[in-house]
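Open the model in your viewer and keep the sequence panel beside it. This tour goes from one selection to the next and says what is found at each stop.

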Amino acid sequence: MTINVYSNGNTIVFKLNESNASKELYAQLPLSIETENFGNNEKIFYPPLKLSIKNTLVANAKAGTLAYYAPWKDVVMFYKEFGSASGLYELGFVLSGSENIKNISGKIEIKKLDIDT
């Protein structure tokens, strides 16, 4: 499962893992959704439906990690090192465009990559 995130004329490609949370996020695509800055290392958005963390590994987030923070029900795109936190689960990792994560702002488009549809 591969997804494209479009923001400000840039594309970021993520490869999702086979976890329940990743599959549920993938099933909600395509999305046009607002993002927020959080801290000095991540961009977040809130998917329409809560993701199940069953069979989803705890994240040890590095730059390029895509994760789900279950307590707040938000998806996190890390552009700097973070590590782990209670309630943070790994969804996947960046394949290309990692340098664009820090520049994400406002509304983004998230779509399944054509080869997955």
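Start with strands β1 and β9, which run antiparallel and are joined by four bridges. Keep in mind that this is a predicted model. Within this pair, select V5 and look across to β9: the residue opposite is I110.

Which residue of β9 is the bridge partner of E34? It is K107.

**The largest core**

Next, select F14, M77 and I110. They have the most contacts inside the largest nonpolar core, a set of 26 residues. To see where this core draws its residues from, colour the elements that give two or more: β1 (2-7), β2 (10-16), α1 (20-27), β3 (31-34), β6 (65-69), β7 (74-78), β8 (88-96) and β9 (107-112). In soluble globular proteins, nonpolar side chains tend to be buried together.

Now centre the view on M77 and show what surrounds it. Leaving out neighbours within four places in sequence, M77 is in contact with V5, F14, T35, N41, E42, K43, F45, T65, L66, I101, I104 and I108. V5, the residue opposite I110 at the first stop, is on this list of contacts.

**A buried leucine**

Select L91, in strand β8. Is L91 buried or exposed? Its relative accessible area is 0%, so L91 is buried. Apart from residues up to four places away in sequence, L91 touches K15, L16, N17, S19, A21, S22, L25, L66, A67, Y68 and V75. L66 is among the contacts of L91 and also among those of M77.

**The surface**

Switch to a surface view and select F38, Y46 and W72. Together they make a nonpolar patch of about 300 Å². F38 belongs to strand β4 (residues 36-38). F38 counts as partly exposed because its relative accessible area is 36%, which falls between the limits of 20% and 50%.

Then select K23 and E18. How many salt bridges does the structure hold? It holds one, and K23 and E18 form a salt bridge in which the closest N and O atoms are 4.0 Å apart.

**Backbone details in the loops**

Go to P30, in the loop between α1 and β3. Show the backbone from L29 to P30: this peptide bond is cis, with omega near 5°.

Move to N8, in the loop between β1 and β2. N8 is not a glycine, yet it has a positive phi of about 50°. Its relative accessibility is 52%, so N8 counts as exposed.

The last stop is N55, in the loop between β5 (42-45) and β6. N55 counts as exposed, at 61% relative accessibility.

Methods. Residues are numbered from 1 along each chain as its sequence is written. This is a predicted model: local features need pLDDT of at least 70, side-chain atom pairs count only at pLDDT 80 or more; totals for chains, interfaces and linings use all residues. Side-chain values use heavy atoms; hydrogens and water are left out. A nonpolar core is a set of buried Ala, Val, Leu, Ile, Met, Phe, Trp, Tyr and Cys residues joined through side-chain atoms within 4.5 Å. Buried means under 20% relative accessible area, exposed over 50%, partly exposed in between (1.4 Å probe, protein chains only). Contact means heavy atoms within 4.5 Å. Patches are made of residues with over 30% relative accessible area and no salt bridge: like charges are joined within 9 Å, nonpolar side chains (Val, Leu, Ile, Met, Phe, Trp, Tyr) within 5 Å. Accessible areas come from the Shrake-Rupley method with a 1.4 Å probe; for residues, only the protein chains shown count as cover. A salt bridge is a side-chain nitrogen of Lys or Arg within 4 Å of a carboxyl oxygen of Asp or Glu. Two strands pair if DSSP finds at least two bridges between them.
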